[in-house]
Amino acid sequence: MRFLELKLPPVALFILVFIASYFSAHQMSAGMVLLPYKFIVLGLGIALSGVVGLAGIWEFRKQKTTVNPIKIETASSVVDSGIFGYTRNPMYLGLF
């Protein structure tokens with residue numbers, strides 16, 4: 001998907017994934033797929049994704065650099081501490 005490289009900001013990607021998830025959930029419920037503890041799993045997934053995504057933003061703020069992937073010329077440093085020691089892009093991982 002090189003044609004999307006540096007063109008789709010994380011927030012827009014989040015909205016697209018959220019809409020796709022919404023329609024996927026309706027398709028699954030129409031097919032009567034029953035999952036045990038679905039609200040607990042949903043809550044844990046939301047909490048974990050929020051922690052991972054916000055940890056990435058926190059590290060960018062600590063380094064005083066931009067979180068905007070479109071304007072790379074405004075980046076002042078490479079962040080490799082904190083959550084970036086475990087994953088290359090925690091904000092996209094949180095969105096996933």
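## Close-up views of the predicted model

**Phe84 and its surroundings.** Beyond the residues up to four places away in sequence, Phe84 touches Gly56, Glu59, Phe60, Val79 and Pro90, where a contact means heavy atoms within 4.5 Å. This is a predicted model, in which local features need pLDDT of at least 70 and side-chain atom pairs count only at pLDDT 80 or more, while totals for chains, interfaces and linings use all residues. Residues are numbered from 1 along each chain as its sequence is written, and side-chain values use heavy atoms, with hydrogens and water left out. You will find Phe84 in the loop between helix H2 (38-62) and helix H3 (90-95); helices (H or I, at least four residues) and strands (E, at least two) are DSSP runs, numbered from the N terminus. Phe84 has a relative accessibility of 12% and therefore counts as buried (buried is under 20% relative accessible area, exposed over 50%, partly exposed in between, with a 1.4 Å probe and protein chains only).

**The chain as a whole, for orientation.** Three helices and zero strands make up the elements of the chain, running α-α-α from the N terminus on. Of the 96 residues in the chain, 14% are buried. Among contacts with a separation of 6 or more, 55% link residues 24 or more positions apart. The chain has an accessible surface of about 7,900 Å², with 72% of it belonging to carbon and sulfur atoms; areas come from the Shrake-Rupley method with a 1.4 Å probe, and for residues only the protein chains shown count as cover.

**Two aromatic pairs.** Searching the whole structure turns up two aromatic pairs (rings of Phe, Tyr and Trp, the last by its six-membered ring, with centres within 6.5 Å; planes under 30 degrees apart are stacked, over 60 edge-to-face, the rest tilted). One of them joins Tyr22 and Phe23 edge-to-face, at 5.4 Å centre to centre and with 75° between the planes. Phe60 and Phe84 form an edge-to-face pair too, because their ring centres are 5.3 Å apart and their planes stand at 85°. Since Phe60 belongs to helix H2 and Phe84 to the loop between H2 and H3, this pair ties together parts that lie 24 residues apart in sequence. From C-alpha to C-alpha, Phe60 and Phe84 are 9.8 Å apart, and both are buried.

**Helix H2 and its buried residues.** H2 holds 25 residues and spans 36 Å from its first C-alpha to its last, close to the 36 Å expected at 1.5 Å a residue (the expected span being 1.5 Å times one less than the number of residues). Buried residues in H2 are Val52, Gly53, Gly56, Glu59 and Phe60. Helix H3 is included in what covers these buried residues of H2.

How many salt bridges does the structure hold? There is one, a salt bridge being a side-chain nitrogen of Lys or Arg within 4 Å of a carboxyl oxygen of Asp or Glu. Its partners are Glu59 and Lys62, with the closest N and O atoms 3.3 Å apart. Both residues sit in helix H2, three residues apart, or about one turn of the helix. An α-helix has 3.6 residues a turn, so residues three or four places apart point the same way. Is Glu59 buried or exposed? Glu59 is buried, at a relative accessible area of 6%, whereas Lys62 is partly exposed at 47%.

Lys64 follows H2 with a positive phi of about 55°, although it is not a glycine. Most residues other than glycine have a negative phi. Lys64 is exposed, with a relative accessible area of 70%. Thr65, in the loop between H2 and H3, is buried at 6% relative accessibility. Apart from neighbours within four places in sequence, Thr65 contacts Phe60, Ala75, Ser76, Ser77 and Val79.

**A nonpolar surface patch.** Val11, Phe14, Ile15, Phe18, Ile19, Tyr22 and Phe23 together make a nonpolar patch with about 740 Å² of accessible area. Patches use residues with over 30% relative accessible area and no salt bridge, joining like charges within 9 Å and nonpolar side chains (Val, Leu, Ile, Met, Phe, Trp, Tyr) within 5 Å. Ile15 lies in helix H1 (residues 10-30) and is partly exposed at 45% relative accessible area. Tyr22 is likewise partly exposed, with a relative accessible area of 44%.
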